[in-house]
Amino acid sequence: MTRRFLFVLGSSRPDGNTELLARRAAEQLPEDVEQQWIDLAGHPLPDFEDLRHDSDHVRPREGDVALLLDATLAATDIVIVSPLYWYSVSAHVKRYLDYWSGWLRTPGVDFKATMAGRTLWGVTALAHEEREVADPLVGTLNNSAAYLGMRFGGVLLGNGSKPGDVLDDTEALTRAKTFFAQEAPLARFPYETP
C-alpha cells in the first residue's frame, strides 16, 4: 500500500505554531507520499452523540463527518496536529477522536480492523518549557493507537506561544527533519510490557 498521510489540523487559529511545525516535518516526506490536510476548524464536526448501543448506525455519505471518515480510512498514517490546550488535545481533535467510537460500530467500515497496523503520529506546540506537561496529550494518542492495534510514531514537540515562535525552536526544527523517517513501534498501553 502506498503511504498516504492525513494531517488533521486541530488548532482554533490558522497557520499556528503547531501547523508550522507539522508542515516543516511534512516537507521531509518523499515526493511519492500522498498528503491530505484537513482543518477541523474549516470542517467542523457536530457534537458527538454516543449511539454505541443503538442498532441504527448508518455510514455517513456526505458532509464533514463523511469527509473525515473517508480520509481516515484511506490514510496509512494519521497525524494529529493539535496545540497543547489545557495539557491535552484541542476540542476539535477530541471531537474527531470521539467519532472514532461511532465508526467502530458503523456497518461496512470495520474500523478497528482497518486501522490496525496503520500509524498514528502527533505534532504539538506548547508554551511551557517543561515538555512533561504534554504527557496527557501523548497518552491520549498512544492509548488510542494501542486500542486500535495501530503503530505510534510519538509526538513531535515544539515550543511557541506567539505566532511563528516555533520557528525559533531549533531543536524542534531539527527533530522535524527526521520525525516521519523513524520506525513507529506497535502502540502499547502503559501497563503492557513489551
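This is a predicted model: local features need pLDDT of at least 70, side-chain atom pairs count only at pLDDT 80 or more; totals for chains, interfaces and linings use all residues.
## Basis

Local features are described only where pLDDT is at least 70, and side-chain atom pairs only at pLDDT 80 or more, while totals for chains, interfaces and linings use all residues. Residues are numbered from 1 along each chain as its sequence is written, and side-chain values use heavy atoms, with hydrogens and water left out.

## Sheet

An open sheet is formed by 5 strands in the order E2-E1-E3-E4-E5, with parallel pairing. Strands (E, at least two residues) and helices (H or I, at least four) are DSSP runs numbered from the N terminus, and two strands pair if DSSP finds at least two bridges between them. E2 (34-39) and E5 are the edge strands, each pairing on one side only. From one strand to the next, the twist averages 15°; axes are lines fitted to C-alpha atoms, for helices over the stretch in contact, and angles run from 0 to 180 degrees between N-to-C directions.

The parallel pairing of E4 and E5 extends over 7 bridges. Leu-126 has Asn-159, in E5, as its bridge partner.

## Helices on the sheet

H2 lies across E1, E2 and E3 and runs at about 150° to E2. H5 packs on the sheet, where it touches E3, E4 and E5, and its direction makes about 165° with that of E5.

Helix H1 (residues 17-26) is mostly covered, with 7 of its 10 residues buried. Buried means under 20% relative accessible area, exposed over 50%, and partly exposed in between (1.4 Å probe, protein chains only). Among the buried residues of H1 are Leu-21, Ala-22, Ala-25 and Ala-26. The buried residues of H1 pack against E1, E2, E3, E4, E5 and helix H6 (170-176).

## Nonpolar cores

A nonpolar core is a set of buried Ala, Val, Leu, Ile, Met, Phe, Trp, Tyr and Cys residues joined through side-chain atoms within 4.5 Å. The largest has 39 residues, of which Ile-78, Tyr-96, Trp-100, Trp-103, Phe-111, Leu-120 and Leu-141 touch the most other members. Elements giving two or more residues to this core include H2 (63-74), H3 (91-103), H4 (111-115) and H5 (135-147). H3 gives the most, with 6 residues.

Leaving aside neighbours within four places in sequence, Trp-103 is in contact (heavy atoms within 4.5 Å) with Val-65, Leu-68, Leu-69, Thr-72, Tyr-96, Val-109 and Phe-111. Another core, of 21 residues, lies apart from the largest one and includes Val-81, Trp-121, Val-166 and Ala-184.

## A buried loop residue

Thr-106 is found in the loop between H3 and H4 and is buried, at 8% relative accessible area. A polar atom of the Thr-106 side chain lies 3.0 Å from the backbone oxygen of Gly-102. Beyond its neighbours within four places in sequence, Thr-106 is in contact with His-57, Val-58 and Arg-59.

## Salt bridges

The structure holds 7 salt bridges, each a side-chain nitrogen of Lys or Arg within 4 Å of a carboxyl oxygen of Asp or Glu. Glu-34 and Arg-4 form one of them, at 2.5 Å from N to O. This pair links distant parts of the chain, with Glu-34 in strand E2 and Arg-4 in strand E1, 30 residues apart. Both partners are partly exposed, Glu-34 at 38% and Arg-4 at 22%.

Arg-23 and Glu-19 meet at 2.9 Å, N to O. About one helical turn separates them, because they are 4 residues apart in helix H1. Arg-23 is partly exposed at 34%, whereas Glu-19 is buried at 11%. In helix H6, 4 residues separate Glu-171 and Arg-175, whose side chains form a salt bridge at 3.9 Å, N to O. Glu-171 is exposed at 52%, and Arg-175 is partly exposed at 31%.

Definitions and conventions. A polar contact is a pair of N or O atoms within 3.5 Å; within protein, one must be able to donate a hydrogen and the other to accept it, and residues adjacent in sequence count only if both atoms are side-chain atoms.
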